[in-house]
Amino acid sequence: MNNYSVMINRQRKWMLYLLAISVIGWGFTDYQVIFQSLIIGIVAGFFNLFLLQKKIDIMGEKAANNQTAKSFGTLSRFAAAALVVVIILRYPEQFHIIAAVVGLMTPYLVIMIDFIFSSKKTTSTKRGE
């Protein structure tokens, strides 16, 4: 398995952990509105992360074969985020907009934190050689 596949699996695992923590928070705390907003945001963000990773994988394969590739699927990711916003604005008593936006941004935080930890691990491995 190449480094990209390992990175994808690691990021998806962390997203599932965060989703599970949000579900536990929704079930066992008094902050149901906040946690269900986080859940809807994390689910949409996880979907966006999945789409982005698939498009990058396809683009990498096409580049390896000297073919041109289409876009990164920005429109579909924007549509997923817009759907979350429409749901939240339609049911404001059930959802909290800031928590949902934090949930939508969670995959990007996971990507950045994963990059920081993997680059530290890589530099410490190179120093040990």
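This note sets out points on the fold, surface and selected residues of a predicted model.

1. Basis of the values. In this predicted model, local features need pLDDT of at least 70 and side-chain atom pairs count only at pLDDT 80 or more, whereas totals for chains, interfaces and linings use all residues. Residues are numbered from 1 along each chain as its sequence is written, and side-chain values use heavy atoms, with hydrogens and water left out.

2. Overall fold. The chain contains 4 helices and 0 strands, in the order α-α-α-α along the sequence. Helices (H or I, at least four residues) and strands (E, at least two) are DSSP runs, numbered from the N terminus. The C-alpha trace spans about 55 × 40 × 20 Å along its principal axes.

3. Burial and contacts. The chain has 129 residues, and 27% of them count as buried; buried means under 20% relative accessible area, exposed over 50%, and partly exposed in between (1.4 Å probe, protein chains only). Of the contacts between residues at least 6 apart in sequence, 68% join residues at least 24 apart, a contact being heavy atoms within 4.5 Å.

4. Surface and charge. The chain has 13 positive and 6 negative charges, whose mean positions are 7 Å apart. Lys and Arg count as positive and Asp and Glu as negative, while His and the chain ends are not counted; each charge is placed at NZ of Lys, CZ of Arg, CG of Asp or CD of Glu.

5. Ser37. This residue lies in helix α2 (residues 32-64) and is buried, with a relative accessible area of 0%. Its side chain reaches the backbone nitrogen of His96 at 2.5 Å. Leaving aside neighbours within four places in sequence, Ser37 is in contact with Gln94, Phe95, His96, Ala99 and Ala100.

6. Gln53. Helix α2 also holds Gln53, which counts as buried at 4% relative accessibility. The side chains of Gln53 and Arg12 make a polar contact at 3.0 Å (a pair of N or O atoms within 3.5 Å; within protein, one must be able to donate a hydrogen and the other to accept it, and residues adjacent in sequence count only if both atoms are side-chain atoms). Not counting residues up to four places away in sequence, Gln53 touches Tyr4, Ile8, Gln11 and Arg12.

7. Ile98. Located in helix α4 (residues 97-128), Ile98 counts as exposed because its relative accessibility is 56%. Its C-alpha atom is separated by 12 Å from that of Ile40, 58 residues apart along the chain.
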